[in-house]
Amino acid sequence: MSRILNSMGIAAVAVSALLSTSPASASEEVNLYSYRQPFLIEPLLKSFTEDTGIKVNVVFAKKGMLEKIQAAGSNNPADAVLTVDIGRLYGLKQAGVFEPVKSDVLEANIPAHLRDPEGLWFGLTQRSRIVLASKDRVKPGELTSYEDLADPKFRGRICVRSGKHFYNIALIASMIAHHGEGEAKAWLEGVKANLARKPQGNDRAQAKAIYEGVCDVAIANTYYMGKMQTNEKKPEQKQWAESVRVTFLNQGASDRGAHMNVSGAGVLKGAKHKAYAIKLVEWLSEGKAQKIYAEDNFEYPANPKIAVSDIVKSWGDFKADTLSMEAIATRREAATKLVDEVNFNEGPTS
């Protein structure tokens, strides 16, 4: 009961924050919930307003977005949601809070595998789940696929964050989609046996562990490499980045390509400014916004017509897995069960 009340209290604060900046008489405005960080989103929204004249009122949330929306019910003032990870987008879809959107602009800008088949959400940026390999201790070509992570030659050499983190759940779900649950479980058991330590920390912590000699290989998202390479406030992170080589997996001519995940957006049911909400999502799929995403957060644009940043380009071209986000999302529950079944987060057994 206290958890429900707490969620309702959080929702009330969020509703109040939006309502205080969005009087009923206002015509050209849109209310937004965002899981994405203010430093990235605020320049985008400012540019959107400059281009369209539509004001954006935004509430930034670290957690509890779905609870906020559900607790507010028909009084929910938000028109749209921005969030990261296919799991969060799919969770909002399953909860029935998204409104289907039919948009020629979005269908032209966003490839089909990066958007919901019913138009309930649209991917806006991509990131790849890659291997960071020690430049000194892993030879180029020694590890070429996600399947290789279970090879006994990497025993005691791999670092990764919690298997329950949504980045890793999405990767495991993709393995289920490609190989079935039985093979995916065997693979996960193999990866666990190869861990150098219990899963811990964030993606940058894995690069640090390679630098310190704790492990030779780490699983991480691409954009963390860019953040480390450009971190002027913490120059030690530049050293971590310098010690590793970005490795895109499954790049053979007949292979599937590197696993991808997305950030994205959806329009909420009952949106009071639906037309402006759709316009915002469309604008975020266009060139100016996609370039800001690419330059400021080292992500891959979902719009294939937009180039990546110079830093991202320096990691090299690669083939991306075009498995649909929907196929990954529908297997996340099975992936979570596998993490539990193999006791992945307990780390390697002696």
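1. A residue is called buried when its relative accessible area is under 20%, exposed when that value is over 50%, and partly exposed in between (1.4 Å probe, protein chains only). Helices (H or I, at least four residues) and strands (E, at least two) are DSSP runs, numbered from the N terminus. The model is predicted, so local features need pLDDT of at least 70 and side-chain atom pairs count only at pLDDT 80 or more, while totals for chains, interfaces and linings use all residues. Residues are numbered from 1 along each chain as its sequence is written, and side-chain values use heavy atoms, with hydrogens and water left out.

2. Strand β8 (residues 260-267) has eight of its eight residues buried. In a regular strand, side chains alternate between the two faces of the sheet. On one side of β8 lie Met-260, Val-262, Gly-264 and Gly-266, on the other Asn-261, Ser-263, Ala-265 and Val-267, and all are buried.

3. Which strands pair with β8? Two strands pair if DSSP finds at least two bridges between them. Strand β3 (residues 80-84) pairs with β8 in the antiparallel sense over five bridges, and Thr-83 has Gly-264 of β8 as its bridge partner. Strand β4 (residues 122-134) also pairs with β8 in the antiparallel sense, over six bridges; here Gly-264 is the bridge partner of Gly-123.

4. In helix α3 (residues 65-72), Met-65, Lys-68, Ile-69 and Ala-72 are buried. Viewed down the axis of α3, the buried residues fall within an arc of 95 degrees (taken from the directions from the helix axis to the C-beta atoms), so they line one face of the helix. After α3 comes Gly-73, with a positive phi near 60 degrees.

5. Rings of Phe, Tyr and Trp (its six-membered ring) pair if their centres lie within 6.5 Å; planes under 30 degrees apart count as stacked, over 60 as edge-to-face and the rest as tilted. By this rule there are six aromatic pairs. Phe-48 and Trp-283 have ring centres 5.6 Å apart and planes at 70 degrees, so this pair is edge-to-face. The pair links distant parts of the chain, 235 residues apart: Phe-48 is in helix α2 (residues 38-52) and Trp-283 in helix α11 (residues 274-284). Both Phe-48 and Trp-283 are buried.

6. Phe-166 and Tyr-167 form an edge-to-face pair, with 4.9 Å from centre to centre and 85 degrees between the planes. Both residues, Phe-166 and Tyr-167, are buried. Together with Tyr-223 and Tyr-224, Phe-166 and Tyr-167 form one aromatic cluster.
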